[in-house]
Amino acid sequence: MKSTPLSLIAGVVALAAVTGFAALAVPGDDGATEAKAAARLPVERSSLLCPAPSTSDLAETTYTSFTPAAKDGPKDGTAELKAAEALPADEDEPADGKTGDADDKADADDKKKTEADDKEKAADSKPVVSLKDLGKPVTAETSKSGAPALVGTATDRFAPGWTTQQTTTAAAGGARGLLGVSCTAPDTDFWFPGASTGASRQDYVHLTNPDDTAAVADIELYGAEGPLKSDVGEGITVPARSSVPLLISTLTGEAAENVTVHVTTRSGRVGAVVSAAEDEVGSDWLAASADPAGTQILPGIPADATSVRLVAFAPGEDDADVKVQLLGKNGTFSPAGNDTLHIKSQMTASVDLKNVTRGEPGSLRLTPTDDSRTPVVAALRVVRGTGAKQEVAFIPATGPVGERATVADNRAKGSVLSLTAPGKTAKVKVTASAGSEGGEAAVKTYTVKGGTTLEVTPEAPAGLKGGYALTVETESGGPVHAARTLTIPEGGIDMFTVQTLQDDGGTVEVPEAEQDLSVLDD
């Protein structure tokens, strides 16, 4: 049997571009073909999931979708977010049969209901957000109570670096606040330190399934004394292309102020994010922490933070001892009395750092005190304001921006970018995209001194109309971690939300086969 090698290699390249991994095995070779220097190719497909924004009648939500401009690449492609399917409601069977006119009326009612359902399904099948051009964001808005979660896919030219921001303003009520989240890619494992089952908190974990088959998820909860007993956190079914919100306090009978939530899937994959609402303080989304690691960076603590709480968890079998350091405007220092934190295995640890930034922007760095490098996950609960004018946000540990990272939904006023270089001094390029309704992109380069945090107000696009996206690219030096704070005044309160920026994974390494595949014989 003979085969043309070109199609085989093309298939491997396509697989790697979609999945980020491909292995090439050659008949007659007892192992995988040795790889030469890997080439980097743009991904051909990306998926994003946005949670259901709010059940409040007073909430207004903006979706902003964006893919950075590219010089080369495919000319075709789409990037669309559509409503996830609503879960079917259980209908009670009638206690008695109906006859005569009652049957006719029931048939007429069923027909109307079917027609209404068909119209709703048709509306849900239309994209809520659909990109048209690279380098220019597109927005959509809704004030609908109970707006659905969104499921989306970007292909070809729109896939590399595709991002979507969901921003909800709730002016009043128990969920008052500015709730912002970067819509997530589906995965099988998520850590959320910083959640709560306390009486003053109403925290929900939202699970969204992008696929055409059901996913099955498990949720584990850990408090200060270890695992919280739960009889209902296992085997949670998330139907195909649907979203399930779960009130965390109903998963256990134990109340705990600081909880770490661990979401895994037995089958399928989901997007997961936690909505947190705190009485008299506000609400926001809590995104997943970076994967467990010995060192964690939490960037973007606002200069005027009045309360900062660090919540950390060691998922392994060993305890962790970490140094706690603030990377400030001019250098690195340890908070007085809180220079280290002991984190017992399988127990959630927390420490109140109060107003640790003392009027200057900062970022937190956690590093092991010894060579054990026990992996941890971490997040910050950050409060601005006092009394009735408090507002809360969360900052999870995050990886570096890497080659490129983007955050969408920036406004003419209220956007602040925080850049921190935990190691060597670094140089980054920051691009403010064209506005969603007009304006020209603006580019500026910043140098971030090692061991410090640089806070900048981005240079807005010339002639800006609408919102814009910020893209950060590392040009030289050490790794840079970044976060964007968006502030919107509402009713005398500076409502705010913080989103971290991580490498967008817009390209993947594809190994070049060293062996000559010009002819493959049996």
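**Ground rules.** The model is predicted, so I keep in mind that local features need pLDDT of at least 70, side-chain atom pairs count only at pLDDT 80 or more, and totals for chains, interfaces and linings use all residues. Numbering runs from 1 along each chain as its sequence is written, and side-chain values use heavy atoms, with hydrogens and water left out.

**Aromatic rings.** I looked for aromatic pairs and found three in the structure. Rings of Phe, Tyr and Trp (its six-membered ring) pair if their centres lie within 6.5 Å; planes under 30 degrees apart are stacked, over 60 edge-to-face, the rest tilted. Tryptophan 191 and phenylalanine 313 make a tilted pair, 5.5 Å centre to centre with 35 degrees between the planes. Tryptophan 191 is in strand β10 and phenylalanine 313 in strand β20, so this pair ties together parts 122 residues apart in sequence. I noted that strands are DSSP runs of E, at least two residues, numbered from the N terminus.

Is phenylalanine 313 buried or exposed? It is buried, at a relative accessible area of 0%; tryptophan 191 is buried too, at 9%. (Buried is under 20% relative accessible area, exposed over 50%, partly exposed in between, with a 1.4 Å probe and protein chains only.)

Phenylalanine 313 also pairs with tyrosine 222, again tilted: 4.7 Å centre to centre, 45 degrees between the planes. Tyrosine 222 sits in strand β12, 91 residues from phenylalanine 313. I wrote down Trp191, Tyr222 and Phe313 as one aromatic cluster.

**Arginine 484.** I found this residue in strand β36 (residues 481-490).

**Positive phi.** Most residues other than glycine have a negative phi. I found that lysine 354, not a glycine, has a positive phi of about 55 degrees. Lysine 354 lies in strand β24 and is exposed, with a relative accessible area of 55%. Arginine 358 has a positive phi as well, near 50 degrees. I placed arginine 358 in the loop between β24 and β25, exposed at 67%.

How values were computed:
Helices (H or I, at least four residues) and strands (E, at least two) are DSSP runs, numbered from the N terminus.
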